[in-house]
Amino acid sequence: MKGLGGRERRSRDPSSQATDHAEGRDDQRYDAPEFCIDAGPSGNIARFINHSCGPNLYVQCVLSSHHDLKLARVVLFAADNIPPLQELTYDYGYVLDSVFGPDGKVKRVPCYCGAADCRKRLF
């Protein structure tokens with residue numbers, strides 16, 4: 001998430017590794033921690049939200065009652081009006097060919113989201 005707002009991250013090409021610059025600074029790199037949503041054995045209801053290449057939610061890191069980026073909360077916001085009973089989805093944001101298996105080979109997982117602009121692979 002390195003400094004990218006949710007809508008900006010959603011509109012960018014996920015295969016690019018572009019970094020953002022902080023507002024009001026003269027081309028200094030914005031050094032923010034990486035965040036990961038882990039769908040392990042414990043967590044809240046957000047762990048059941050599926051991936052889509054054309055999502056209706058976007059991810060934003062939010063600070064509350066402090067200014068420590070390491071304690072930011074990862075929050076999902078509606079990108080548009082979502083009709084009742086429509087599945088909630090967000091873009092997991094994997095860069096293609098960025099996940100490796102225990103054997104050191106690139107893992108390739110197909111995407112079945114059905115979006116018009118589907119990348120055909122999750123990672």
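This is a predicted model: local features need pLDDT of at least 70, side-chain atom pairs count only at pLDDT 80 or more; totals for chains, interfaces and linings use all residues.
Local features need pLDDT of at least 70 and side-chain atom pairs pLDDT 80 or more, while totals for chains, interfaces and linings use all residues. Residues are numbered from 1 along each chain as its sequence is written, and side-chain values use heavy atoms, with hydrogens and water left out.

**View 1. The whole protein chain.** Let's start with the overall layout: the chain has 1 helix and 4 strands, in the order α-β-β-β-β along the sequence. Helices (H or I, at least four residues) and strands (E, at least two) are DSSP runs, numbered from the N terminus. Of the 123 residues, 24% are buried; buried means under 20% relative accessible area, exposed over 50%, and partly exposed in between (1.4 Å probe, protein chains only). Among contacts with a separation of 6 or more, 58% link residues 24 or more positions apart, where contact means heavy atoms within 4.5 Å.

View 2. An unreviewed UniProt entry lists residues 107–123 as "domain: Post-SET". UniProt positions follow the numbering used here, feature names are shortened, and annotations may be inferred rather than shown by experiment. This span is 0% helix and 0% strand, and its end C-alpha atoms lie 7 Å apart.

View 3. Follow the chain past strand S4 (89–90) and you will find Arg121 in the segment after it. Is Arg121 buried or exposed? Arg121 counts as buried because its relative accessibility is 18%. Its side chain makes a polar contact of 2.6 Å with the side chain of Asp97. A polar contact is a pair of N or O atoms within 3.5 Å; within protein, one must be able to donate a hydrogen and the other to accept it, and residues adjacent in sequence count only if both atoms are side-chain atoms. A polar atom of the Arg121 side chain also lies 3.3 Å from the backbone oxygen of Phe123. Leaving aside neighbours within four places in sequence, the contacts of Arg121 include Leu96, Lys107 and Cys111.

**View 4. Two tyrosine rings side by side in the legend.** The whole structure holds 3 aromatic pairs. In the pair of Tyr90 and Tyr92, the ring centres are 5.1 Å apart and the planes meet at 55 degrees, so the pair is tilted. Rings of Phe, Tyr and Trp (its six-membered ring) pair if their centres lie within 6.5 Å; planes under 30 degrees apart count as stacked, over 60 as edge-to-face and the rest as tilted. Tyr90 is buried, at 7% relative accessibility, whereas Tyr92 is partly exposed, with a relative accessible area of 32%.
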